[in-house]
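Trainee: Could we take a close look at the aromatic rings and their surroundings?
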Amino acid sequence: MGKVRILILGGTAEARALATSLAARTDLDVILSLAGRTVDPAPQPVPVRSGGFGGAEGLARYLHDEAIDLLIDATHPFAARISTNASEAAARSDVSAFALRRPAWVPVEGDNWLSVHSVAQAVAALGAKPLRVFLATGRQEAHQANAAPQHHYWVRSVDPVEPPLTVPKVAYIHSRGPFRLADELAMLQRHAIDVVVAKNSGGDATYGKIEAARRLGIKVIMIERAETAGLTVVETVDAALDRIDHFVSSLMKRGV
């Protein structure tokens, strides 16, 4: 039996951790696919493919052409389109697949959350009164803030927001997580932030701002995830490794 070929759709800390755990295995060929949106991505432990596939059809063709045995969707919880494409492509190609998706955050005592379902809804929910807003939604949808120019925004993203916002009061913070609680507390206090707008990404790397908001009594407008259908979901890297081991052993038993 030859090596089992695995394609990980990545861009998250979990995808990197999974790839790191698999990199030294001699029974696997692992390829990590990145969307290519980050200008200077962190180095990865396995070979990387960058850029889109051309929808579900293009991904299905790639799975076939590259003789992929197992597809793992470890993309960001808000990358709904690629997750849908992954599910469709796996079904078309008859390739085994599952998703690695960290659990969403849940509010705890002291949190003041307003749950919405899009960045546009979050911006509308800020209201008419001018506020000092920490916008932590990523650069791709930051332009939604243009619809509410009365607020003063602090926008944090890994890469610059292009084109810049048209609102009169905006500051940009270019930074890559993880973010420490002490730094998030200092940042929210330094800018006298009234409200945090965030996506419910889950995980530890960016939770600091949520805990900091709770400690400071700052409201959070939380953009919740859309339900994604199709693939079986595991929530931890360890669970993904177990699933991979079962898959590899089943292939060996079948002598594929």
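Which residue lies over the face of tyrosine 62, and at what distance from the ring centre?

Mentor: This is a predicted model, in which local features need pLDDT of at least 70, side-chain atom pairs count only at pLDDT 80 or more, and totals for chains, interfaces and linings use all residues. Residues are numbered from 1 along each chain as its sequence is written, and side-chain values use heavy atoms, with hydrogens and water left out.

The residue over the face of tyrosine 62 is arginine 49, at 5.3 Å from the ring centre; a charge sits over a ring if NZ of Lys or CZ of Arg is within 6 Å of the ring centre and within 35 degrees of the ring normal. Rings of Phe, Tyr and Trp (its six-membered ring) pair if their centres lie within 6.5 Å, and planes under 30 degrees apart count as stacked, over 60 as edge-to-face and the rest as tilted. Phenylalanine 53 is buried, at 14% relative accessible area, and tyrosine 62 is buried too, at 16%, where buried means under 20% relative accessible area, exposed over 50% and partly exposed in between (1.4 Å probe, protein chains only).

Tryptophan 105 and tyrosine 207 form a tilted pair, 5.5 Å centre to centre and 55 degrees between the planes, and both residues are buried. Elsewhere, arginine 156 lies over the face of phenylalanine 179, at 3.6 Å from the ring centre.
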